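Trainee: I would like a close look at a single part of this model, and then its setting in the whole. Please keep the answer plain.

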Amino acid sequence: MKKIDLTSGNELSVISLLSLPLIGSSLLQFLYNFIDMIFVGGLGPDAIAAVGSASFFINMGYAVQAMIVVGGGIKIAHSVGRKNDAESASYIGSSLLLNLFIGIITVFGLLLFGNRLLDLLNLNNDAVQIDAYKYLAVSAFMLFFSYFNTFFIRMFSSFGNNKQSFYISAFGLILNIILDPIFIYTFKWGVIGAAIATLISHILMFILFIYLARSILFKKNIFQIRFQQFKEIIGLGIPMSIQRILFTVINIILAIMIASYGTDAVAAQKIGLQIESITFIVMGSLNGAVGSFIGQNFGAKKYKRILKGYRVSLLLGISYALITSIIFIFFSEELAGIFTRDPETIAITSAYLTIIGLSQIFMAIEIICMGAYTGIGMPKIPSTISVIFTLMRIPLAILLIPSLGLAGIWWSIAISSFVKGIVSVLIFNTIYRRKYQHAI
C-alpha cells in the first residue's frame with residue numbers, strides 16, 4: 001500500500017489534498033444518507049422515528065469502536081512519521097485484533113438486548129419499536145464489518161493515502177443507493193430493507209479493503225498478541241470513546257425528552273441531524289486530515305509545521321461553517337420539505353435548523369481542534385472538554401423547556417457547542433505555546 005509523506009510541502013496544499021478524498025467519501029455518505037432518508041421518509045414519520053431510534057444504539061457501537069480508530073490511528077501515524085514500517089505494521093495487527101473482539105461483542109449485545117435498549121426511549125408506539133428492533137438487529141451484523149471499514153479508512157489516512165479508501169467508499173455507497181429502493185419498495189421490506197442494503201454494501205467494502213491492504217495484512221506475525229500495544233491503543237483511544245459514548249447517552253436522554261412531544265418531534269430531530277451532517281462531513285474530514293498531518297509531523301518533530309497546518313485547517317473549517325450557518329438559518333423550511341410533507345414535522349425541523357445554525361462555526365472549531373489534539377497524542381483534553389460541556393445540555397434543557405418548550409432542547413445543544421468551541425481553541429493554543437513554542 002502506497003505511503004505519502006506529509007512532513008514536507010505547502011501546508012495548505014497538503015491538508016487540502018489530504019482532505020479532498022475524505023470529503024468526497026463523506027459527501028457520498030451524506031448523499032446516501034440523504035437519499036436513504038427520502039426513501040425511508042416515503043414510508044411515513046413512524047418509519048423515520050424507527051430508524052432514528054435504532055440509530056442511537058448504532059452510534060453507541062461506533063462510539064465504543066472509536067477507541068481503536070483513534071488509538072490505533074495515533075500510533076500508526078507516529079510510526080509512519082518516524083519511518084518505522086515494522087512498528088506501524090504491528091500496531092495495525094494489534095488494532096485489528098481489538099476490532100474483532102469489539103465487533104463480536106456488538107453483534108451478540110444488540111441481538112440479545114436490542115429491545116431492552118429501545119425500551120429506554122419510551123417510544124410509546126409498538127409499531128415503531130418493532131421496526132426499530134428489526135433495523136437494529138440487521139445493523140448489528142453491518143456494524144461488525146463497518147468497524148473494520150472505519151479503521152481501514154483511518155489507517156489509510158495515517159499513511160497519507162486517502163484516494164483508495166475514497167474509491168472503496170464510493171463503490172459501497174453507490175451500491176447502497178441502488179439497493180435501497182429495491183429492498184424497501186420493490187421487495188416491500190420497509191425499514192429492514194434499508195438495513196440489509198447497508199449490510200451488503202459494507203461486506204463488499206470490507207472485502208475490497210482487505211484486498212488493497214493485503215501487502216500489510218498478510219505479513220508474517222502481524223497478528224500476534226501484544227499486550228503492551230493493546231494497552232497503548234486503548235489508553236490513547238478510550239478518552240475519545242468515552243466522550244462519544246457519553247455524547248450518545250446524552251442524546252438518548254434528550255431523545256426521551258423529545259419523544260414526549262410526539263412522533264413528529266422525533267422524526268424532526270432525525271431529519272435535522274441528517275441535514276446538519278452537511279457540516280459534519282466536511283469537519284469530520286478536516287478532523288481526519290489534520291490528525292494525520294499533525295500525527296506524521298509530530299513523529300518527525302516538525303513543530304512549526306504543525307502550527308501552520310493547524311491554523312490553515314481552522315481557516316478552512318470556519319469558512320465552510322459560515323456558509324452552512326447561512327443556509328440553515330435562511331432556508332430551513334425548504335431543507336425540511338425535502339424529507340417530509342408533514343407540516344408539523346417541517347415546522348419543528350425548521351426551528352431546530354435555525355437555532356443549530358447559529359452554532360456551526362463553534363462546532364467546526366471544536367472538531368478541528370479535536371483532530372489537532374489527537375495528532376499530538378493528547379486525546380484526553382478534547383474528550384474532557386466534550387464530556388463536561390456536553391453534559392451541560394441536560395440541565396440547560398430542563399431549565400429552558402418551561403419557557404421555550406421543545407426549542408429549549410435545541411438551544412441547550414447550541415449553547416454547549418458555543419462553549420466547547422471557544423474552550424477547545426483557547427486550551428490548545430495555551431498548551432502548544434507552553435510545550436512546543438521553544439522548539440519552533
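Which residues does Ala-259 touch, not counting residues up to four places away in sequence?

Mentor: Ala-259 touches Leu-121, Asn-122 and Val-266, once residues up to four places away in sequence are left out; contact here means heavy atoms within 4.5 Å. Some ground rules come before the rest. This is a predicted model, in which local features need pLDDT of at least 70 and side-chain atom pairs count only at pLDDT 80 or more, while totals for chains, interfaces and linings use all residues. Residues are numbered from 1 along each chain as its sequence is written, and side-chain values use heavy atoms, with hydrogens and water left out.

Ala-259 is found in helix H8, which covers residues 227-259. Helices are DSSP runs of H or I with at least four residues, strands are runs of E with at least two, and both are numbered from the N terminus. Ala-259 counts as buried because its relative accessibility is 17%; buried means under 20% relative accessible area, exposed means over 50%, and partly exposed lies in between, with a 1.4 Å probe and protein chains only. The C-alpha atoms of Ala-259 and Leu-117 are separated by 15 Å, and the two residues are 142 apart along the chain.

Other buried residues can be read in the same way. Lys-75 lies in helix H2, residues 45-81. Although its side chain is charged in the count used below, Lys-75 is buried, at a relative accessible area of 16%. Its contacts, leaving aside neighbours within four places in sequence, are Tyr-91, Glu-232 and Leu-236.

Ile-23 belongs to helix H1, residues 11-41, and with 17% relative accessibility it counts as buried. Ile-23 touches Val-282 and Ser-285, not counting residues up to four places away in sequence.

Ile-356 is placed in helix H12, residues 343-357. At 1% relative accessibility, Ile-356 counts as buried. Leaving aside neighbours within four places in sequence, Ile-356 is in contact with Glu-276, Trp-410, Ile-413 and Ala-414. The C-alpha atoms of Ile-356 and Ile-329 are 8.4 Å apart, and the residues are 27 apart along the chain.

In soluble globular proteins, nonpolar side chains tend to be buried together.

Ile-398 lies in helix H15, residues 393-404, and counts as exposed at 52% relative accessibility. The C-alpha atoms of Ile-398 and Tyr-432 are separated by 37 Å, with the residues 34 apart along the chain. Lys-188 sits in the loop between helix H5 (163-186) and helix H6 (191-212), and is exposed, with a relative accessible area of 70%. Lys-188 has a positive phi of about 60° although it is not a glycine. Most residues other than glycine have a negative phi.

Now the whole protein. Its secondary structure comes to 16 helices and zero strands. Of its 440 residues, 60% count as buried. A compact globule with 440 residues would have a radius of gyration near 22 Å, and the 21 Å of the protein agrees with that; the radius is taken over C-alpha atoms, and the rule is 2.2 Å times the number of residues to the power 0.38. Along the principal axes, the C-alpha trace spans about 55 × 45 × 35 Å. Among contacts with a separation of 6 or more, 84% join residues 24 or more positions apart. The accessible surface is about 17700 Å², and 69% of it belongs to carbon and sulfur atoms; such areas come from the Shrake-Rupley method with a 1.4 Å probe, and for residues only the protein chains shown count as cover.
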